[in-house]
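Student: I would like to go through the labels used for this model. Please set each value against its cut-off.

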Amino acid sequence: MLSVSDAFSITQQQLLSLPTETVSLLDANGRVLREAIRADRDFPPFNRVAMDGIAIRFADYAAGQRTFRVIGIQRAGQPQQTLQDAGTCLEVMTGAMLPIGADTIARYEEIRIVDGQASIVVENTPFGPIQMGMHIHPQATDRRAGDELMSVGTRLGPSELAVAASVGQSTLLVTALPRVALVSTGDELVDVASTPLPYQIRRSNTYMLQTALVSLGIQATLHHIVDDEEQLEKGLEDLLATNDMLILSGGVSAGKADFVPDTLEKLGVQKHFHKIDQRPGKPLWFGTSPSGKTVFALPGNPVSTVLCAYRYVLPYLRVSLGLAPAPIRYAQLAESVTFKPNMTYFLPVRLTSEMDGRTLAHPLPGSGSADFANLLAADGFMEFPPNQSDFGVGDSFQVWETIR
Ligand SMILES: Nc1nc2c(c(=O)[nH]1)N[C@H]1C(S)=C(S)[C@@H](COP(=O)(O)OP(=O)(O)OC[C@H]3O[C@@H](n4cnc5c(N)ncnc54)[C@H](O)[C@@H]3O)O[C@H]1N2
Ligand code: MOO
Ligand SMILES: [Mg+2]
């Protein structure tokens, strides 16, 4: 059977090829940038006053002068003024251009202004003695005009949108979002608003999947198909025609009503793999259509669905969108774990941060891959490699964090 790492690489070789689109600045939140954003001006674009106070010539101060005649006010948003005569000063406001001729700011906290004369009354400021260049944010110290500020593949969030706004990007070129359909299958599954009969359960997997996809900015549509070969074929055919990707749950194992793999192949979706040497989530099925559409058919047991979503589907979508893979997270086992079968084992864990900087993983074995209430306490799944059955306290392994 296929190893976890081989299955993962197969999925990553069949990424969705998504076009770009231009969206308005605010609609770009959470999206993936597909153009490099450069500074249109220096950052800051002029010698910027960084504190409210007076702008003086340091040479006057160094020569012993402590009282300066105030010749005017330079506010933010006004054209640059000039400090002409020795011994004078301009009141200046944070964000203003530094007046020509001035080179040092003394804050209001350090001066007193009486009858148009500003006197320096505090020599040792909380920032140290008054010095040449003090409280000035010199032009181009942060970035220069033409510098690349954000590269292709940047995920746009609050800081990125602020920088984009400051360089005049009222629109941004981003990766178009894939059209994704989430399909639950199973005769036993009823709507969340229904009261289940004794042999029925409410469906939950597609709600979990939709909520997880929102973390990538994707809004999928939710569908349900009963365990009937004809209805399944017709339903999946329609959804394949109108979506870039289908994520199914259930119907992929060995049961009499597990029609999903055969139906997908009948519809021309080429199987890349079915079944991985892992627990949970063994019967995962993955395929692509000739027109470049992708199908993940996840095992229906809810914990398997969750594991497959975080271990395969979200990393697949992330990279398809043009993002770098998520940083790998490790944690150390807080309790020993034994797992005999020779396959990769994913164990739900709760994570704690210790004072010494370590992250500890506390096992939450639960009662198996249908025990999804157990995941309410979990922060992720720890991945234990095959060919080993005893895992000791303090041993470090990768953790696939879930969204909480
Ligand atoms: N003889 C074998 N039986 C099973 C095997 C096997 O290898 N040989 N594999 C087991 C494993 S492992 C898993 S995982 C499950 C996978 O089952 P399916 O993908 O075929 O899923 P279903 O049979 O449709 O349902 C399984 C289980 O999950 C519940 N379910 C399904 N969809 C939802 C949903 N949307 N929301 C909530 N719960 C859902 C369903 O009611 C079943 O209880 O097969 C084992 N069997
Ligand atoms: O893969 Mo199944 O997940 O163990 O129940
Ligand atoms: Mg089944």
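Student: What makes Arg311 count as lying over the face of Phe8?

Tutor: This is a predicted model. In it, Arg311 lies 5.0 Å from the ring centre of Phe8. The distance cut-off is 6 Å, with CZ also within 35 degrees of the ring normal. Arg311 therefore counts as a charge over the ring. Arg66 lies over the face of Tyr61 too, at 3.8 Å from the ring centre.

Student: How many aromatic pairs are there?

Tutor: Ten. One of them joins Phe286 and Tyr316.

Student: Why is the pair of Phe286 and Tyr316 called edge-to-face?

Tutor: The centres lie 6.1 Å apart, with 70 degrees between the planes. Pairing needs centres within 6.5 Å, and edge-to-face needs over 60 degrees. Both conditions hold, so the label is edge-to-face. The pair links distant parts of the chain: Phe286 is in strand 22, Tyr316 in helix 7, 30 residues apart.

Student: Why is Phe286 called buried?

Tutor: Its relative accessibility is 0%. Buried means under 20%, so Phe286 qualifies. Tyr316 is also at 0% and therefore counts as buried.

Student: What makes Phe391 and Phe397 an edge-to-face pair?

Tutor: They lie 5.5 Å centre to centre, with 80 degrees between the planes. Phe391 and Phe397 are both buried.

Note on methods:
Residues are numbered from 1 along each chain as its sequence is written. Chains are lettered from A and ligands numbered from 1 in the order in which they are written. This is a predicted model: local features need pLDDT of at least 70, side-chain atom pairs count only at pLDDT 80 or more; totals for chains, interfaces and linings use all residues. Side-chain values use heavy atoms; hydrogens and water are left out. Rings of Phe, Tyr and Trp (its six-membered ring) pair if their centres lie within 6.5 Å; planes under 30 degrees apart count as stacked, over 60 as edge-to-face and the rest as tilted. Helices (H or I, at least four residues) and strands (E, at least two) are DSSP runs, numbered from the N terminus. Buried means under 20% relative accessible area, exposed over 50%, partly exposed in between (1.4 Å probe, protein chains only).
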